[in-house]
Amino acid sequence: MPKLFLKTNMGSIFQNDFRLHEFSVLTDALAIEFIQVIKESYADGSLILGNNITDVFYEKEAFFTISDSEFDNVLLHFKKKNIEMGYPYEIHVESRDSDSTSEFFIKPDQGLVNQLPKELLEELDEQLDKAIGIL
């Protein structure tokens, strides 16, 4: 790694490489784009509503899913998790169509979540309530 980008910082015990900051910029751009995909896919009825099957109370979640194609190479999930502390919403993306598969998670801020239709969020709430046995 070229020494040009490395710097020791007072606040970290690690060497710093400022090129990694671009990951934050990319994550913000992806979060905005994924929220738009979720919103448009909900409007045209192409999201699938589901929940995971588990006996572990705090692992229960409700989610909407959409795929890139009939081969499910890329899956986009918008989840609401059953947690008492922290932020319950998560965007989960799985890419399985290349040699370098990837999976990542984004916790969108409330401003992004508020851009989604109220009905979508209400459906997630109801589905999560069913999963945890409230309904």
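Is Lys 80 buried or exposed, and what is its relative accessibility? Lys 80 counts as buried, at 16% relative accessibility. The close-ups below come from a predicted model.

**View 1. Lys 80 and Asp 125 meet in a salt bridge.** The N to O distance between the side chains is 2.4 Å. Lys 80 belongs to strand 5 and Asp 125 to helix 3 (residues 118-132), so the pair ties together parts that are 45 residues apart in sequence. Asp 125 is partly exposed, with a relative accessible area of 28%. Lys 80 is buried, because its 16% falls under the 20% cut-off.

**View 2. A salt bridge joins Lys 107 and Glu 90.** The side chains meet at 3.3 Å, N to O. Lys 107 sits in the loop between strand 7 and helix 2 (110-113), while Glu 90 is in strand 6, so parts 17 residues apart in sequence are tied together. Glu 90 counts as buried, at 6% relative accessibility.

**View 3. Arg 19 and Asp 17 form a salt bridge.** Their side chains meet at 2.5 Å, N to O. Arg 19 is partly exposed at 38% relative accessibility. Asp 17 is buried, with a relative accessible area of 10%. The structure holds seven salt bridges. Elsewhere, Glu 61, Lys 79 and Lys 81 are linked in a salt-bridge network.

**View 4. Tyr 42 and Phe 64 pair edge-to-face.** A search of the whole structure finds five aromatic pairs. In this one, the ring centres are 5.8 Å apart and the planes stand at 80 degrees. Tyr 42 lies in helix 1 (residues 21-43) and Phe 64 in strand 4 (residues 61-67), so the pair ties together parts 22 residues apart in sequence. Both Tyr 42 and Phe 64 are buried.

**View 5. Phe 78 and Tyr 89 stack.** Their ring centres are 5.6 Å apart and their planes at 10 degrees, so the pair counts as stacked. Phe 78 is in strand 5 (residues 74-81) and Tyr 89 in strand 6, eleven residues apart. Phe 78 is buried, with a relative accessible area of 1%. Tyr 89 is buried too, at 9%. Together with Tyr 87, these residues form one aromatic cluster.

**View 6. Asp 68, Glu 70, Asp 72 and Asp 97 gather in a patch of negative charge on the surface.** Asp 97 is in the loop between strand 6 (89-95) and strand 7 (102-106). Asp 97 is partly exposed, with a relative accessible area of 45%. Glu 94 is in strand 6. Glu 94 is buried, with a relative accessible area of 18%.

Definitions and conventions: Residues are numbered from 1 along each chain as its sequence is written. This is a predicted model: local features need pLDDT of at least 70, side-chain atom pairs count only at pLDDT 80 or more; totals for chains, interfaces and linings use all residues. Side-chain values use heavy atoms; hydrogens and water are left out. Patches are made of residues with over 30% relative accessible area and no salt bridge: like charges are joined within 9 Å, nonpolar side chains (Val, Leu, Ile, Met, Phe, Trp, Tyr) within 5 Å. Accessible areas come from the Shrake-Rupley method with a 1.4 Å probe; for residues, only the protein chains shown count as cover. A salt bridge is a side-chain nitrogen of Lys or Arg within 4 Å of a carboxyl oxygen of Asp or Glu. Lys and Arg count as positive and Asp and Glu as negative; His and the chain ends are not counted. The place of a charge is taken as NZ of Lys, CZ of Arg, CG of Asp or CD of Glu. Helices (H or I, at least four residues) and strands (E, at least two) are DSSP runs, numbered from the N terminus. Buried means under 20% relative accessible area, exposed over 50%, partly exposed in between (1.4 Å probe, protein chains only). Rings of Phe, Tyr and Trp (its six-membered ring) pair if their centres lie within 6.5 Å; planes under 30 degrees apart count as stacked, over 60 as edge-to-face and the rest as tilted.
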